[in-house]
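Please work through each task before reading its solution.

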Amino acid sequence: MEHAIYLVTLVGTALVVAAAFSSLIAFRFGAPLLLLFLCIGLASGVDGLGIEFDNARVAYFAGSLALAVILFDSGFGTPLNALRQAAGPALSLATFGVILTTGLFGAAAYYLLDLSWLESFLLGAAVASTDAAAVFFLLRAGEINLRERVRATLEVESGTNDPIAIFLTITLVEIIAAHTNPETHVLVTDLILGFLLNMGLGAVVGVLGGLGIVRLVDRLNLDHGLLPIFVLTLSLMVFAAAGAIGGSGFLAVYLAGLIAGNSDIRAVTILKRFQDGMSWLAQIIMFLILGLFATPSQFPAIMVPAVLLGLFLMFVARPVAVWLCLIPFRLPRPEIAFVSWVGLRGAVSILLAITPLLGGLENGRTIFNVAFIIVLVSLVVQGWSVGPLARRLGLIVPARLGPLDKVELELPGSAHHELLAYRVAPGSPVARGERIPRWARPSLVLRDGRSMRFQDMGRLAAGDQVYIFVPDRYPRLLDKLFASRAVVDPEDADFFGAFAVDPARSAAELEAAYTPGLSEAEQKLTVGALVTARLGGHAEYADRVLIGPIELIVRDVDDKGKITGLGLSFEPTAPVARVPVFLSAGEIGDRVSAFIRNWHQPTETQTAEAIANEKALEPTAEKITTEG
């Protein structure tokens, strides 16, 4: 018995160490990390090194706990501004998108596999959700600086779509296991009522649980070494409590993390570091167990239809569902195309594919094997193409900040302040003499091994170590002050246009100078308000708006999202690829309006006006712009 304990521990830790080392390969070559974890599990399983693991209940239990840890950390690290910015598109994708993907994929599975309609939809529900961990690891490993709206949409969608997919999968398994053949309207009614009850209870428990976690952390003076374990345990308690009363435990734990992470919870820096490590460990354990549970020798029998279904999911089901869900939102076609492509399938899909085995379904193993192959196809085809596609679609933006050397130190007790340690970078604003705000006066400065008060140091110089006490929710203005200028690639030198435009100027001056065809209502706005309106009410760094012969580019926004800097270009400067589909409702409306406006204008007149406007650009440029 003692020898078996040592042997199991040795094998288990060896697998975790191998997975950790594989991350170095993934970071170096940009490979999908989840794919490496799964391959290690497959290589160690019954068809590889011979480790036999065929306990579906243990695999599902361990995977569910690991997923709960990952979702809590995902919610904890999602800022509210990202949620507000992407709530509409992301929640639409997480609800209607999952249902549409399930329906489209299920129809294809019915004709390609020897499954019933309900079993086909069950397979569709299992592979309908995306895997956030794989997507954002690829973005970080490839140093892909995406536009904030796209990143926020993918992040919120991936954190909220798992509960819906889990509900659909478990409900369909229960219906099939009961050997009932309900009528369509009865099935739809039961699904809707069950969904509302499941999500409603999960949401209530999650909100209350999140508030309770914050209250207990602030009230109890726990040791900093015990506090992260206490919070993690409470999050799993929220997960279990919601599931015990018939709610969605996964939605509850995500909402609890979202509330706790966006509150003034104590020791937030320590909690984030601990949860990052636990999230990594949970991902490794979940992926390895799922890889061990699979039996690759069974794959050849269903390889061809499974690969075809994987391609159908990537090129048809997911894009169609994304386009239909995002029609009401004014998102550019490249962003919609990228969101539709980055629907990576991962561990959640494999975990859900275990439920048919737990339900004792006749075709349970077939459903699991097909889902596993689909995940592998998704990671291989989509995983390596995320970076190149983002660059192709013009969604990569120049870095906002350059090198920044900063350390955040958590103060003991319940003080709601942080001690920030900055090293003054050469070329940073403070090194050039920029003033530090009064609310963030440095308490200590280290220079050449000597410590002095800030008042006695005079002007800060490159290399100085500066210590500042600030509120724990300090504005990010300090990062801008202490960061050096970002290195801009030659390709991005003209990214923000050749001219700077004052956002406070009247849009009527744009119409007078360039005749872009603004309406009377738009001419009454400021240029900044015009850009914000064209972007659907929210502007962010590097957003672009094409108006007639000119393009306006957002150079900077303040902490409240107000445009503080604009650039102007006479022709599109971003390498945006033309996407023939994915028109949003806003674009459809613009095209219909332009078609109606130009209905009675002869082509020759339009061409003459365009030539005249082009000749008038240079002499009128200085009316509202200054050279950038």
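How many of the 8 residues of strand β8 (residues 550–557) are buried? The model is predicted, so local features require pLDDT of at least 70 and side-chain atom pairs count only at pLDDT 80 or more, while totals for chains, interfaces and linings use all residues. Residues are numbered from 1 along each chain as its sequence is written, and side-chain values use heavy atoms, leaving out hydrogens and water.

**Exercise 1. Strand β8 and its partners**

Task: Settle the burial of β8, then identify the strands that pair with β8.

Solution. 
1. Buried means under 20% relative accessible area, exposed over 50%, and partly exposed in between (1.4 Å probe, protein chains only). By this criterion 6 of the 8 residues of β8 are buried, and the strand is mostly covered.
2. Helices (H or I, at least four residues) and strands (E, at least two) are DSSP runs, numbered from the N terminus. Two strands pair if DSSP finds at least two bridges between them.
3. Strand β7 (residues 544–547) is antiparallel to β8 and joined to it by 4 bridges. Arg544 stands opposite Ile553 in this pairing. The hairpin of β7 and β8 has 2 residues between the strands, and Gly548 there takes a positive phi near 60 degrees.
4. Strand β9 (residues 563–569) also runs antiparallel to β8, with 6 bridges. Val557 faces Ile563, and Glu551 has Ser569 as its bridge partner.

**Exercise 2. The surroundings of strand β9**

Task: Determine which strand besides β8 pairs with β9, and why β9 is described as largely enclosed.

Solution. 
1. Strand β6 (residues 499–501) pairs with β9 in the antiparallel sense over 3 bridges. Within this pairing, Ala500 stands opposite Gly567.
2. Because 6 of its 7 residues are buried, β9 is largely enclosed by the rest of the structure.

**Exercise 3. Helix α3 between angles**

Task: Classify the packing of helix α3 (residues 56–76) against helix α10 (residues 249–261) and against helix α11 (residues 268–293).

Solution. 
1. Axes are lines fitted to C-alpha atoms, for helices over the stretch in contact, and angles run from 0 to 180 degrees between N-to-C directions. Angles under 35 degrees count as roughly parallel, over 145 as roughly antiparallel, 65 to 115 as roughly perpendicular and the rest as oblique.
2. The axes of α3 and α10 come within 6 Å and cross at roughly 30 degrees. Therefore α3 is roughly parallel to α10.
3. The axes of α3 and α11 come within 8 Å, crossing at roughly 150 degrees. These two helices are therefore roughly antiparallel.
4. Contact means heavy atoms within 4.5 Å. Residues of α3 that meet α10 include Leu67 and Phe72, and both of these are also among the α3 residues that meet α11.

**Exercise 4. Residue Ala242**

Task: Is Ala242 buried or exposed, and which residues does Ala242 contact beyond its neighbours within four places in sequence?

Solution. 
1. Ala242 lies in helix α9 (residues 227–244). With a relative accessible area of 0%, Ala242 is buried.
2. Leaving aside neighbours within four places in sequence, Ala242 contacts Gly202, Val205, Gly247, Ser248, Gly249 and Ala252.
3. Val205 is 37 residues from Ala242 in sequence, yet their C-alpha atoms are 5.9 Å apart.
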